[in-house]
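Please look at the sequence and the model first, then read the points by topic.

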Amino acid sequence: MGIKIVIGEVRFSYAHVWEPWSNNGKEAKYSVSLLIPKSNEKMLNQIRLAIKQAKQQGVSKWGGKIPSDCMIPIRDGDKNRPDDAVYAGHYFMNANCKTPPGIIDRNRQPIIDTTEFYSGCYGYASITFYAYNRNGNKGIACGLNHIMKTRDGESLGGRARAEDDFAHIVLDDDFTPVNDDDEDLPF
């Protein structure tokens, strides 16, 4: 049970969608952080409504009423990640799941090459908001269903693509590498 919605276009960060990942020894899960522009009121209203509906569904788990300290999954990037420029001007949610999410491209074709989806690209996410009551903590969680990549973006993982690293290399007919940088070196 839960409230399923599709949101986008968001930027993906901390993408662990190809292999499950464990944080602090917890159960390994597939996960991604969804960066939502603060300027996108339509998407934010969609999220607010879904969280409100998930709270109503959770009343039975919480003893018949919504707790006053009910935690919600959306956070303010400017407040919670003030030293990370990528999160500035955004809200963010961490979405996770135990089974691999479906990952497709803008043509709705499965993405098989794991280098094609990465932290920094953009797209849509199918997510489900649901109520939880664990160890005295009560709130709404964000489950990850599926992802649709719409476009590339600057990688947030700090690693360049192979195509970019070798873009300046020009090969002649004998396949002898020629570096187009004419810098004089002392050797």
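I147 is buried, with a relative accessible area of 3%; buried means under 20% relative accessible area, exposed over 50% and partly exposed in between, with a 1.4 Å probe and protein chains only. This is a predicted model, in which local features need pLDDT of at least 70, side-chain atom pairs count only at pLDDT 80 or more, and totals for chains, interfaces and linings use all residues. Residues are numbered from 1 along each chain as its sequence is written, and side-chain values use heavy atoms, with hydrogens and water left out.

**I147 and its surroundings**

- I147 lies in strand β7; strands (E, at least two residues) and helices (H or I, at least four) are DSSP runs, numbered from the N terminus.
- Apart from its neighbours within four places in sequence, I147 is in contact with F12, V17, G102, I103, I104, F117 and Y124, where contact means heavy atoms within 4.5 Å.
- I147 and I7 are 140 residues apart in sequence, while their C-alpha atoms are 9.8 Å apart in space.

**Overall make-up**

- The protein chain has three helices and nine strands.
- From the N terminus on, the order of these elements is β-β-α-β-α-β-β-β-β-α-β-β.
- Of the 187 residues of the protein chain, 34% count as buried.
- Among contacts between residues at least 6 apart in sequence, 67% join residues at least 24 apart.
- The protein chain exposes about 12000 Å², of which carbon and sulfur atoms supply 49%; accessible areas come from the Shrake-Rupley method with a 1.4 Å probe, and for residues only the protein chains shown count as cover.

**Nonpolar core**

- The largest nonpolar core has 35 residues, and those with the most contacts inside it are I7, L34, I47, M93, I127 and F129.
- Such a core is a set of buried Ala, Val, Leu, Ile, Met, Phe, Trp, Tyr and Cys residues joined through side-chain atoms within 4.5 Å.
- At least two residues of this core come from each of β1 (3–21), β2 (29–37), α1 (41–58), β4 (90–97), β6 (122–134) and β7 (137–151).
- Not counting residues up to four places away in sequence, I127 touches I3, K4, I5, I7, L34, M93, A95, C142, G143 and N145.

- S126 is found in strand β6 and is buried, with a relative accessible area of 10%.
- Beyond four places in sequence, S126 touches K4, I5, V6, G143, L144, N145 and H146.
- D76, in strand β3 (residues 75–76), counts as buried at 13% relative accessibility.
- Leaving aside neighbours within four places in sequence, D76 is in contact with K38, R81, H90, Y91 and F92.
- D76 and Y91 are 15 residues apart in sequence and 4.5 Å apart in space, C-alpha to C-alpha.

**Largest pocket**

- The largest pocket is lined by 29 residues, and K26, K29, N94, N96 and R134 lie nearest its centre.
- β1, β2, β4, β6 and β7 are the elements that give two or more residues to this lining, and the largest share, five residues, comes from β7.
- On a 1 Å grid over the protein atoms alone, a pocket is an open set of points where a 1.4 Å probe fits, with protein on both sides within 12 Å along at least five of seven lines; lining residues have an atom within 4 Å of a point.
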